[in-house]
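Hi everyone, thanks for coming. Have a look at the structure on the screen, and I'll talk you through it.

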Amino acid sequence: MSFLLSTYVLPRLDLVELFDLNQYMDFFLLQQNHFKMVLPEVFLATSILVITIHSSLLATSRSFGFPLLTKSFGKLCILVLALTFLLVNNNSITFMLIYQNTFIFDVLTTNVKEIILISSIFCLLISEETILKQQINNFEYFILILCAILGLMFLVSSYDMISLYLAVEMQSLCLYVLAAAKKDSSFSTEAGLKYFILGSFSSALLLFGISILYGCVGTTNFDSFYLFFSGISFEGFTLTPSIEKALLCISAAFFFKIAAAPFHMWSPDVYEGAPTSSTIFFAVIPKIALFSVFLRLFKTIFGSFEETLLFPLMFFSIVSVIIGSFVALRQKKLKRLLAYSSISHVGYLLLAFSANSLEGTQSLLFYLIIYMLTSLSIWSVVLSLNTSVNKEKSKTLIDLASIGNSNPLLGFSGMLAFFSLAGVPPLAGFFAKMEIFVSSLSASLFFVSLVAILSSVISSFYYIRLIKTMYFEVKEDNFFVFPVTRSCSLTLGITIFFLFFLFFNPSLFLILTQKMAICLY
Amino acid sequence: MMYFLIEEYYPILLLLFISIGLALVILGASYFLGIQRPDTEKTSVYECGFDPYEDSRNKFDVRFYLVAILFILFDLEAMFLFPWAVSLGQISSMGFWTMIDFLFELTVGFVYVWKIGALEWE
């Protein structure tokens, strides 16, 4: 006991007297383990606070000559994220519910957090130069990125509707500001405003669903929901229709956030208008966190309502795949094209979501990881394009022209990345897509799978057209080779290696995703 | 069970109907029953001086918004503090330290706002 007391700072003595001493001891015994579990988050939050104070004091100091902090802050953020990654990686407890069942820690959350941290490190690496080039000189930009990652980490491990809502809000508020980060560009402001309005609409839907659930059951905790619904017999249970409505509201909010098709309208505009460094962040990172928490919600907690959710999932899957494939055919701007391609990929993910099996979930997680790898490589190709000629204009497809001749290695990596997105063997994208279709066919979702496969053929047209532009079209000013930055080439090398490697030996991520998927059943 | 839940809201629905009906009756009665003989003296602006010269909807400085937002932020803090102070006996030391943490983080935000110059008017 004395050991316990000595390791923590005691509150004031008169406060101690208010409580039963026994309870007080228990409190610390409990909190000790709880605190160990949230240590990565606490570290990240503390570093955000320290960076905030440090930068606000330094950036306004006259004696240092009002230094521009953005030049070094990318590196600092990468350091913080790497240390957080080590802390996440280093915990030995495999399962725990902490703080009155508010947060859960298991294999799924740990792995998803690691993936989020690694991919955000890569995002920062490739976008560091761009942030400087775009002249976003606010140090707040990096603090907001860190806050968004903190929100995503809380979102992944949230196990209560209240913590889920707060985490969703935390990450999306940061993302709204990131979208509007370029203050002097009206496109960026417009993107931020659009994202804010539609995002708050979806949050309102989420809250509405949660409040209906609370009205029916009287709790917001996932554990209580699970206990309540697991032993229920549905005959004569009058609450079912209202709970189904609540689940539909919650899933609509979820589709909004991941930009599944009838709710996708914000995503091309936001991708296009936001500064490219923010777009990379939206495109790569939040999806896996949202998918992991909603997988837990719909597969485990409300697993007995799977029949209700099956139809909306299939519907949104079909619509996203079709819209993502057909609308992208007519896009001329690179970022809009990538936005529509991400919508079609969300459609495939939802197809795996609606295949209600362990294999389906596993293929979903596998596809997500491969998709993140591929989009990291694509975005680093996009960032390495020569933009010195027209800095203000957004990139169109013709900016890719003759990259294959002027910078063969960059062109080759771009070609591989687009082939992997299209699902051409021997690349990991093919394997991931095949996994999804196999799992959905074995769940006998024949019609949906057929539509998805046919649309994937159509969508491969515009990926191949991009490759054709890179190799066979000529643009005058692309004959000069502009060097690719070191961090971009590093990222490109690593991701392209994995795209090859995972086709021949996918067991590394297959085992990982299987472990993650088993957590949900 | 949803049944009984909805039943409990009937008084509110009733109140809604009564208030809408009452508002319609009062407005309608004064509109239809009252004798209306408008002239320039009656319809012109009275008691407040004279007609406005321009539209009242014009741009004003973003600093007002900033001050308002900051005011709401620190006002909400007080809103959290009152129920916390009242229920301090029931919540454990966890509750106490949570609020201290919240206040600390708010102070960091305050330092940021101060140093960045958001509180200065000129």
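A bit of housekeeping before that. This is a predicted model, so local features need pLDDT of at least 70 and side-chain atom pairs count only at pLDDT 80 or more, while totals for chains, interfaces and linings use all residues. Residues are numbered from 1 along each chain as its sequence is written, and chains are lettered from A and ligands numbered from 1 in the order in which they are written.

Okay, chain A. We have 23 helices and two strands here; helices are DSSP runs of H or I with at least four residues, strands are runs of E with at least two, and both are numbered from the N terminus. The radius of gyration of chain A is 24 Å, close to the 24 Å that the globule rule gives for 521 residues, so chain A is as compact as a globular protein of that length. That radius is taken over C-alpha atoms, and the rule is 2.2 Å times the number of residues to the power 0.38. Along the principal axes, the C-alpha trace of chain A spans about 80 × 70 × 45 Å.

How much of chain A is buried? Buried residues make up 51% of its 521 residues. By buried I mean 20 or more other C-beta atoms within 10 Å of a residue's own; 12 or fewer is exposed, in between is partly exposed, and C-beta atoms are placed from the backbone.

Now compare chain B. It has five helices and zero strands. Its radius of gyration is 27 Å, well over the 14 Å that the globule rule gives for 122 residues, so chain B is more spread out than a compact globule. And buried residues make up 0% of chain B.

On to the core. A nonpolar core here is a set of buried Ala, Val, Leu, Ile, Met, Phe, Trp, Tyr and Cys residues joined through C-beta atoms within 7 Å. The largest one has 170 residues, and those touching the most other members are A:I116, A:I145, A:L146, A:L349, A:Y367 and A:L368. Helix α17 of chain A, residues 358–384, gives the largest share of this core, 16 residues. If you zoom in on A:I116 and skip neighbours within four places in sequence, its contacts include A:I149, A:L152 and A:I285; contact means C-beta atoms, placed from the backbone, within 7 Å.

Next, a helix pair. α20(A) and α22(A) (residues 486–504) pack at about 50°, with axes 7 Å apart. Axes are lines fitted to C-alpha atoms, for helices over the stretch in contact, and angles run from 0 to 180 degrees between N-to-C directions. The two are therefore oblique to each other: under 35 degrees is roughly parallel, over 145 roughly antiparallel, 65 to 115 roughly perpendicular, and the rest oblique. A:A428, A:F430 and A:F431 of α20(A) meet A:F498, A:L499, A:L502 and A:F503 of α22(A).

Last stop, the loops. Between α19 (408–422) and α20 (428–442) of chain A you'll find A:P426, and the peptide bond from A:P425 to A:P426 is cis, with omega near 5°. A:F66 sits in the loop between α4 (39–59) and α5 (70–89) of chain A. Its phi is near 45°, positive in a residue other than glycine, and A:F66 is exposed, with 11 other C-beta atoms within 10 Å. A:S444 isn't a glycine either, yet has a positive phi of about 50°.

Terms used. Contact = placed C-beta atoms within 7 Å.
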